[in-house]
Amino acid sequence: MSNNLLKLYIIDEYDTTLGYHRSVLPLDVRLGITTVASLDDQPLPLRWGILATGKVAHDFVAQVLKVLPHHTIAAVGSRTLERAEWFAHRHGIPSAYGTYEELCRDVEVDVVYVASLHPNHKDHAVLALSCGKHVLVEKPMAMRAEDAQLLYDLGKEKRLFVGEGMWTRFFPAVEWTRSHLHDDENELVVVEPETKIGQVRVIQADFSIDGQDVGPYPSDSLYAKELGGGSAWTLLPYVVGAFLLPFGGREPDRIAASGIIPEPEEDSDVGDVAIGVTMSFTVNEQSGRGVNNNDSRPPPENKSIASGLVGYLAESSEVTMYAGKTGRIIVNAPAHCPTSATLIRKPIGSRGNGTTGSDSCGDSSSSTPTKIQVDFPLPLPTQEVEDSGGIQLPNSIGFAYETEAVRRLISAEHYTFPQWTPEESVACIQIIEKILKHVHQYNEDVMS
């Protein structure tokens, strides 16, 4: 077998004047909702208030905003004034408050970033919206789907921005992946059909870490059920979010799940430590979007399947793979904050894993590369960022992509994300709720 694999390797550096990468534009721009003007054009500045002072708040707002022009940190609020003042001093924030109410009432704040504990997200977002502030809520937006829907409804009523911080969707590697999955007639920027993989039929995703690298079991907050701990609410949103990328805010036809949870009589206050899940979708071949149609019986070729796992048992490869009729795309590790993606073409009727040869493992006659890898190096942290503690979590400087999307959308008076729509946000939480019911039922059946 000959090996004349056609490869294309692209490195697309972050453009500081554009605030993004040139080979793929953000979805809000591709849809014509916003525009990416030069950052020198003095667009609307945003004044942020940070609600809570943990690691994510440190990386997301306090550090990333130092990289981006036209964003300022106006105030920080914590449960104690001492903690708020410490955080403010560390990051040069002018105002510090010992209550979240004071933060949300600050007239110098335009948008509140809610980075408190998972169970408190909904109440703190309601507080901010009630004070007339736009909100970006760290995921999960809420721990019940109906609470997430309430927040979106409240934002719509008040004409305020409401977004869930599914930052993965804003990384250019994921924006690039989305643009190569299937046709979207609403997009203004057209991608050559030869580099699309067609309707997604198979998805695989994983996100498992070694929990002991974070803190001891079961005392660390990573596991504390009352604090929203457990992999279901910390890691599973990423995997479910990956499943939903080709299908929008559609719920799957079927869900099967099992997991490892402590026995109630031993650790009733500890969340799950691992979950495996499989789900199937009915797809519409015409539009390439998922549809819910449990009453009909479409042919098998209109079905897709997704499988994944999350947990704290050991560190997994953490990649996401989408396979379609004409190829597959791999969102490379770490898939929840990726800097690269790989597309491998597969002509219909052939078999193979990215090699080209006489046994039809690819289309050697085509001038289109069989394998395309695109790298999107992250924005570089400034000296100011390094001097105030650097970045604590992997690739957190990539929060810049999501942050800039918030500014563009508010400037355009568009008050939700197209990258992670309210429908997807609510559906993700609904799915996680159903998965948890499956996991608990599975464990009850095993123990009975």
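A search of the whole structure finds 12 aromatic pairs. This is a predicted model, in which local features need pLDDT of at least 70, side-chain atom pairs count only at pLDDT 80 or more, and totals for chains, interfaces and linings use all residues. Residues are numbered from 1 along each chain as its sequence is written, and side-chain values use heavy atoms, with hydrogens and water left out.

Student: Why is the pair of tryptophan 167 and phenylalanine 399 called stacked?

Tutor: Rings of Phe, Tyr and Trp (its six-membered ring) pair if their centres lie within 6.5 Å; planes under 30 degrees apart count as stacked, over 60 as edge-to-face and the rest as tilted. Here the centres are 4.0 Å apart with 25° between the planes, so the pair is stacked.

Student: What makes the pair of phenylalanine 170 and phenylalanine 417 edge-to-face?

Tutor: The angle between their planes is 65°, at 4.6 Å centre to centre. The pair ties together parts that are 247 residues apart in sequence, because phenylalanine 170 lies in the loop between S7 and H7 and phenylalanine 417 in the loop between H12 and helix H13 (422-447). Helices (H or I, at least four residues) and strands (E, at least two) are DSSP runs, numbered from the N terminus.

Student: Why does phenylalanine 170 count as buried?

Tutor: Buried means under 20% relative accessible area, exposed over 50%, partly exposed in between (1.4 Å probe, protein chains only). Phenylalanine 170 has 2%, so it is buried.

Student: How do you know that the span of helix H6 agrees with its number of residues?

Tutor: The expected span is 1.5 Å times one less than the number of residues. For the 14 residues of H6 (residues 145-158) this gives 20 Å, and the end C-alpha atoms are 20 Å apart, so the two agree.
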